[in-house]
Amino acid sequence: MTNLHFPKDFWWGAAASGPQTEGRTADDGKGDSIWDYWYATEPERFYQKRGPKDTVQLLQRYPEDVALMKEIGFNSFRTSIQWSRLLPEGRGAVNQQAVAFYREYFATLIENGIEPFINLYHFDMPMALQKEGGWLNRETVTAFADYAALCFELFGDQVRHWFTQNEPIVPVEMGYLYQQHYPAEINLAHAVQVGYHEALASALAIQRFRQSQQSGEIGIILNLTPTYPKDPNDEKDGQAAQLADAFFNRSFLDPAVKGTFPEELITVLNELAIMPETRAEDLQIIKENTVDLLGVNYYQPRRVQQKRSAKTADTPMPEDYFDVYDWPEKKINPHRGWEIYERGIYDTLINLRDNYGNIPCYISENGMGVEDETRFIDASGQIQDEYRITFIKDHLRYVHQAIQEGSRCRGYHMWTCMDNWSWLNEFKNRYGFIAVDLATQKRTIKKSGEWFREVIQQNGFVD
Ligand code: BG6
């Protein structure tokens, strides 16, 4: 038996987002985001046609929810401010109810010994700005920097850990390549412009944070999917993996940490004649405003091989440069269809150690969505989610090993705290430490939540 002990002041907690938890009330003053709009216009796209209106009613229930976080023992918790709640039109008039809500919410966390980690953008473009093109429009970049500066001003006395965006590649791929987010286009040129504007907006927000001279640190949260070639000794598989990595990881990781974009990506975009529109000063802004801290969301790896299959889309796609490799030995979470590969979290942290100056980081999301967890309720009414405990342990072991080997990983947040609303999948898969009965909104800590409490108390676990 080994005692896996984590560093002093390790961040233990969970992550969530505003749009997935808060819900709306008739008079809350919030403007529509793309999710509110999309649900209103195309509800059939959403699993069981359940939209973002109710989610888990955190807006009204946060005191109870924070009490449960405290019961589990979190010392930190990440959520996001909804841009469309604070600024219903995306810019201009401030919704004072939103200011009051977020201030009280953050104060409640702090009073309970839970450090708020606050993210500014979690896939939730205000609809008013989307109507002007959203991230395709350069004006949105300025609007985002102004919104960020407003947040620093309004909440800077409460928040010490800021994040500009969560998984900025997701609006790129899901909104402009694979049709899972609004506006559901298939257009690589638009995807590239959107990604570029997000990267620039993040750098500008960091610049505004530094100009504000507030204490604390600022980062970005990226979903890093370590990319493995089918045959590591095959040069073409290796090149395919490198390019996939450039498209999906380094497109944001490099500008965020190094202040530059990957050369391979620039070459491909030039060949396709879809380089984004830029301004002379942009690259300097990106160069000078890199992150203090990196949040790493890790769910699954990407496995690729050299391109052999025929092209299927009649427009350029990243998949023109590689084929997905279906590893026959893979372990899979059947509910979400994602591979479970625990070692990927270690490889990711070691990659940051070796190739990104060992940037301070933390695991900002890792978790397992499971359908119909009520199957596992015991006589006392608690969900016995042993699989989640195993999942977390198997990943934490690798996080521990990476730290032993020099990674500057400072914490572990699970996705998520309470079961929450998951975009088009709504409540299909449940991820939380705390179960939510949607009929009654009753919250019950799952077995994994109780297990996590022990891990936090011991700052590790005996393996
Ligand atoms: C992360 C996102 O990618 O994965 C969350 O930051 C999301 O917003 C989570 O909910 C789980 O994915 P999904 O699609 O099953 O909800």
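**View 1. Ile169, Val172 and Glu173 of helix H8 meet Phe247, Phe248, Ser251 and Phe252 of helix H10.** This close-up comes from a predicted model. By class, the H8–H10 contact has five nonpolar residues, one polar residue and one charged residue.

**View 2. Helices H8 and H10 pack at an angle of about 140 degrees.** Two packed helices are described by the angle between their axes and the distance between the axes. Here H8 covers residues 169-176, and H10 covers residues 235-258. Their axes lie 10 Å apart. The angle makes H8 oblique to H10.

**View 3. Eight strands close into a barrel.** Follow the order S2-S3-S4-S5-S6-S8-S13-S15. The pairing is parallel. On average, neighbouring strands of this sheet are turned by 25 degrees against each other, direction ignored.

**View 4. Strands S8 and S13 pair in the parallel sense.** Strands of a sheet pair through backbone hydrogen bonds, either parallel or antiparallel. S8 spans residues 293-297, and S13 spans residues 361-365. Four bridges join the two strands. Look for Val296: it stands opposite Ile363 in S13.

**View 5. Helix H10 lies across strands S6 and S8.** S6 is the strand at 217-223. H10 runs at about 170 degrees to S6.

**View 6. Helix H13 lies across strands S8, S13 and S15.** H13 is formed by residues 343-355, and S15 by 409-415. The helix runs at about 145 degrees to S13. S8, S13 and S15 follow one another in the barrel order.

Terms used. Residues numbered from 1 in each chain as written. Predicted model: local features only at pLDDT ≥ 70, side-chain atom pairs only at ≥ 80, totals over all residues. Heavy atoms only, no water. Axes fitted to C-alpha atoms, helices over the stretch in contact; angles between N-to-C directions. Parallel < 35°, antiparallel > 145°, perpendicular 65-115°, else oblique. Contact = heavy atoms within 4.5 Å. Nonpolar A, V, L, I, M, F, W, Y, C, P; charged D, E, K, R; others polar. Pairing = 2+ DSSP bridges.
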